[in-house]
Amino acid sequence: MYLNDRLTIDTKRRTRDGYLTVNARVARADNVQLYSGAEVGRPDMATVRVFRPSQEVFSADTMQSFAHRPVTLGHPSTAVSAGNWKDVAKGWSDGEVARDGDFVRVSMLLADADTIAAVENGTRELSMGYDCTLDWTAGTSPSGEAYDAIQRGIRSNHIAVVGAARGGKELRLGDSADRQERHLSDAEQLSMRDSVHGMPIDQAAALPLYDNVRGTNVSGMPAERYFAIVDGADVTTREISDAAAKAETAYAQMVSDMNGSWRGA
């Protein structure tokens, strides 16, 4: 099963050649995360609570899978492979993978100018795209949270730079700014992100879901509009000129082709 989670960048540094090296937590252990039933093959369930035990996250095979992964801007429509790497990869993780408390930490190099600009303008959360199997054994986590299933055999596919991450604010690119943000719960983010699909772009971009990227730009447009389009907002219902509508629709299609519908909550 292919899933994605959201995390964060801690430290970053420009190289002499203009690239950006970053260090970040990219996976979290012993936490319960929320998915829509459709995301995990259970359309009969509105929300599925999934537990990710530390013995799975920190296994040798899982840790090794975080090395040498492509970094993307938003999630591509399919898993990253040799066949589409050159179209979607904006950088890559190196071989330095380490445990950091309840997290997995990796170092990465971002080589694409738009992605570097997005990070430096505040888009600093990460979403890990990965494969796993779900063990539908219900239980309670060490912290007392109930869950419906357990992740097994976690294998990383790519790391996406996104507007808001499922794994929480601890999974964030380096940011020294003291930003005042409304913190939505996982359930609120999941429900709000699902509601964006088909919503007029102006209405979607105004949602608090995108407050943590508001005021920044991605690929030449406001970040809240960019990520709303990624999440399926409708760009055809705005009162704009025909030429502008055609240009924005073409842009939305490009974003869809590159980032697809993979999203975290």
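Student: Is strand β3 buried or exposed?
Tutor: Strand β3, residues 31-36, is mostly covered, with 6 of its 6 residues buried. Buried means under 20% relative accessible area, exposed means over 50%, and partly exposed is in between (1.4 Å probe, protein chains only). Strands (E, at least two residues) and helices (H or I, at least four) are DSSP runs, numbered from the N terminus.

Student: Before we go on, what am I looking at?
Tutor: This is a predicted model, where local features need pLDDT of at least 70 and side-chain atom pairs count only at pLDDT 80 or more, while totals for chains, interfaces and linings use all residues. Residues are numbered from 1 along each chain as its sequence is written, and side-chain values use heavy atoms, with hydrogens and water left out.

Student: Okay, back to β3. Which residues point which way?
Tutor: N31, Q33 and Y35 point one way, V32, L34 and S36 point the other way, and all are buried.

Student: Which strand is β3 joined to?
Tutor: Strand β4, residues 47-52, which runs antiparallel to β3 and is joined to it by 6 bridges. Two strands pair if DSSP finds at least two bridges between them. The bridge partner of N31 in β4 is R52.

Student: New topic: how many salt bridges are there?
Tutor: A search of the whole structure finds 9. A salt bridge here is a side-chain nitrogen of Lys or Arg within 4 Å of a carboxyl oxygen of Asp or Glu.

Student: Why would those side chains pair up at all?
Tutor: Side chains of opposite charge can pair when their charged atoms come close.

Student: What does R49 pair with?
Tutor: R49 forms a salt bridge with D148, and the closest N and O atoms are 2.9 Å apart. That pair links distant parts of the chain: R49 is in strand β4 and D148 is in the loop between β10 (146-147) and β11 (149-162), 99 residues apart.

Student: And is D148 buried or exposed?
Tutor: D148 is buried at 14% relative accessible area, while R49 counts as partly exposed at 34%.

Student: What about R42, what's its partner?
Tutor: R42 forms a salt bridge with D44, with the closest N and O atoms 2.9 Å apart. R42 is partly exposed at 27%, and D44 counts as exposed at 56%.

Student: Last one: where's A111?
Tutor: A111 lies in the loop between β7 (103-110) and α4 (113-120). Its relative accessible area is 33%, so A111 is partly exposed.

Student: What does A111 touch?
Tutor: Not counting residues up to four places away in sequence, A111 touches Y19, K90, G91, W92 and I116. Contact means heavy atoms within 4.5 Å.
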